[in-house]
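Subject: Two-chain model for you to look at

Dear colleague,

I am handing over the structure we spoke about, and below it you will find a description of what came out of the analysis. Please read the text with the coordinates open beside you.

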Amino acid sequence: MKKEEIPQDNGALNKLTKEVVYAVDGSGKYSTELSTGWEVKTEALDLAWGDIEKRIEAARQKVLNNEASPILYFLELRLMDLGILASYTGFWKWTIKKHLKPAAFKNLPEQKLQKYADAFNVSVEELKTMKVHDN
Amino acid sequence: MTTDFKHLQAAHCENGVTTNLLRSAGAEKLTEPLAFGIGSGLFYVQLPFLVINNGPAIAFRTMPGLIFKRTCNALDIPVFRKKFSSQEAGKRYLDECLAKGQPVGAQVGVYYLTYFPKEYRFHFNAHNMIIFGKEDDRYLISDPVMETPTSLTDYELQRVRFAKGPFAPRGQIYYPKEKRIVTDEQMAKAIVKGIKRNVNHMIRIPGSIAGVKGIAGTGKKIKKWKSKLGDEKAGLYLAQLVRMQEEIGTGGGGFRYIYGAFLQEAHAYVPKDELIDISKIFTEAGDKWRIAAVQAAGIYKGRIGSQADYDVMGDYLIEISEIETKAFKALSKIKWNS
């Protein structure tokens, strides 16, 4: 990439910092330059987030239809998979799978609900109702 | 309390932390490209059957942690490394280091890294930063991907140091144990060793999922994505490829430009003129990766999307595989001792 070809587009990262890229000058010598972003990768990230939003909404619908417990919704909302949730809660994956069923979730004792709530960074009330107040 | 410390911005966090910590331990002339090359950072792999964040598991660089480890070994700088079973122990040890004036490298997760924009906060646990001091309740942080130093509260820092999931950092901190004198001769030896190892990883690795063969392998797969996955999922897969290749940390072109810069800088220590010529081949490879990214974006934004467009995309990767094969074969033929 030549220095004059470094894209200076807008992207989410721009809120935080410009990033270092490596490019060559007219004589072919490399040096570092700063870039504000590149449309091509902004679009890639936007697409990934669009997909995440879709998954969150699909999970929410499943919970409302009583096909899954709110744990499914929070798994998607917090970008977790069963493995990550297992390591945050200390539950086995198959235990979590069981708790993904609405009936099993309803019978969970307060102390287990609290573990899920902590892992998802919400209160037990928010966990049950899917109403989240993120700061 | 602050330690004697100067922030340094880099493309990639591990390169940046390595460069900064080792400069203060005697490798004063170390730069990001040199650390990357000595650590044989360039790689390609698509792990079969594995899906990460609902997309293909693709990496353009070596495993997290290896660049630091290899560079320290090659320059003969001993490293201290510690993980902690409890958060309290992790905090106590960090505070002791800072009280002694020792800046430390730390492995952290980015999901709760509050200064990162939300769009970048996934459960990725192999981010690296330097903690260089403490003022009131705030730890002073040098995050290599940022232009300036920042800070985190005690609570925020503990949360990222003890993030859970794959590659859980478990509070890991690391720093050079002592200062050494690193000579130009040592640098030259480390550079040659790093290049030879990278040649092995890219063109002599068995199997067809990694190295230059892995790049062509992904190219062949891409041609089947449209019919196998459907347009929506294929688009998401291509977007994931582009993110791994171009996101912050890569320096552009899937780390190929950093490697090109490394070969140019290496020439100052190992005066083989081939290095300058081969550097140009890596620039060509990086440029081709970016042309492929533009093609991919055309597909995932729906501007194009016929089977012929996927074929063009796949052929770009097959072509890149050939370019990189040429580059690494040329590196393997350099007579280092003559």
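**What was found**

Chain A contains seven helices and two strands, and, read from the N terminus, its elements follow the order β-β-α-α-α-α-α-α-α. Before going further, please keep in mind that this is a predicted model.

The two strands of chain A belong together: strand 1 (residues 19-24) and strand 2 (residues 30-35) run antiparallel and are joined by six bridges, and within that pairing Y22(A) has T32(A) as its bridge partner in strand 2 of chain A. The two strands form a hairpin with five residues between them, and G28(A), which sits in the turn, has a positive phi of about 90°.

As for overall dimensions, the C-alpha trace of chain A spans about 70 × 30 × 25 Å along its principal axes, and its radius of gyration is 21 Å, whereas a compact globule of 135 residues would have a value near 14 Å. The assignment divides chain A into domain 1 (3-37) and domain 2 (50-129), and the C-alpha centres of these two domains of chain A lie 41 Å apart. Of the 135 residues in chain A, 30% are buried, and among the contacts in chain A with a separation of 6 or more, 45% are between residues 24 or more positions apart.

One backbone detail in chain A deserves a look, namely M130(A), which has a phi near 60°, a positive value in a residue other than glycine. M130(A) is placed in the segment after helix 7 (124-129) of chain A.

**Chain B**

Chain B has eleven helices and eight strands, and its radius of gyration of 21 Å is close to the 20 Å that the globule rule gives for 338 residues, so chain B is as compact as a globular protein of that length. The C-alpha atoms of chain B fill a box of roughly 60 × 50 × 30 Å along the principal axes. In chain B, 50% of the 338 residues count as buried, and residues 24 or more positions apart account for 71% of the contacts with a separation of 6 or more.

The domain assignment gives domain 1 (13-30 + 79-176) and domain 2 (184-332) for chain B, with 30 Å between their centres, taken over C-alpha atoms. Strand 1 (residues 42-52) and strand 2 (residues 55-61) of chain B run antiparallel and are joined by six bridges, with V45(B) standing opposite A59(B) in strand 2 of chain B. Strand 1 and strand 2 of chain B form a hairpin with two residues between them, and N53(B) in the turn has a positive phi of about 45°. Strand 1 of chain B also holds F49(B), whose phi is near 65°, again a positive value in a residue other than glycine. F49(B) is exposed, because 5 C-beta neighbours lie inside 10 Å and the limit for that class is 12 or fewer.

**Cores and interface**

In soluble globular proteins, nonpolar side chains tend to be buried together. The largest nonpolar core here has 110 residues, of which I131(B), L238(B), V242(B), I258(B) and A296(B) touch the most other members. Helix 10 of chain B gives the most to this core, with eleven residues. Leaving aside residues up to four places away in sequence, A296(B) touches L238(B), L241(B), V242(B) and M313(B). There is also a second, separate core of 18 residues, which includes Y73(A), M80(A), Y88(A) and F120(A).

Where the chains meet, 43 residues of chain B are in contact with 32 residues of chain A. On the side of chain B that touches chain A, helix 8 (231-246), helix 9 (256-266) and helix 10 (274-300) of chain B each supply at least two residues, and helix 10 of chain B provides the largest share, nine residues. Sorted by class, this side of chain B has 21 nonpolar, twelve polar and ten charged residues.

With best wishes

Terms used
Residues are numbered from 1 along each chain as its sequence is written. Chains are lettered from A and ligands numbered from 1 in the order in which they are written. This is a predicted model: local features need pLDDT of at least 70, side-chain atom pairs count only at pLDDT 80 or more; totals for chains, interfaces and linings use all residues. Two residues are in contact if their C-beta atoms, placed from the backbone, lie within 7 Å. Helices (H or I, at least four residues) and strands (E, at least two) are DSSP runs, numbered from the N terminus. Ala, Val, Leu, Ile, Met, Phe, Trp, Tyr, Cys and Pro count as nonpolar, Asp, Glu, Lys and Arg as charged, and the others, Gly among them, as polar. The radius of gyration is taken over C-alpha atoms; the globule rule is 2.2 Å times the number of residues to the power 0.38. A residue is buried if 20 or more other C-beta atoms lie within 10 Å of its own, exposed if 12 or fewer, and partly exposed in between; C-beta atoms are placed from the backbone. A nonpolar core is a set of buried Ala, Val, Leu, Ile, Met, Phe, Trp, Tyr and Cys residues joined through C-beta atoms within 7 Å. Two strands pair if DSSP finds at least two bridges between them. Domain bounds come from an automatic or database domain assignment.
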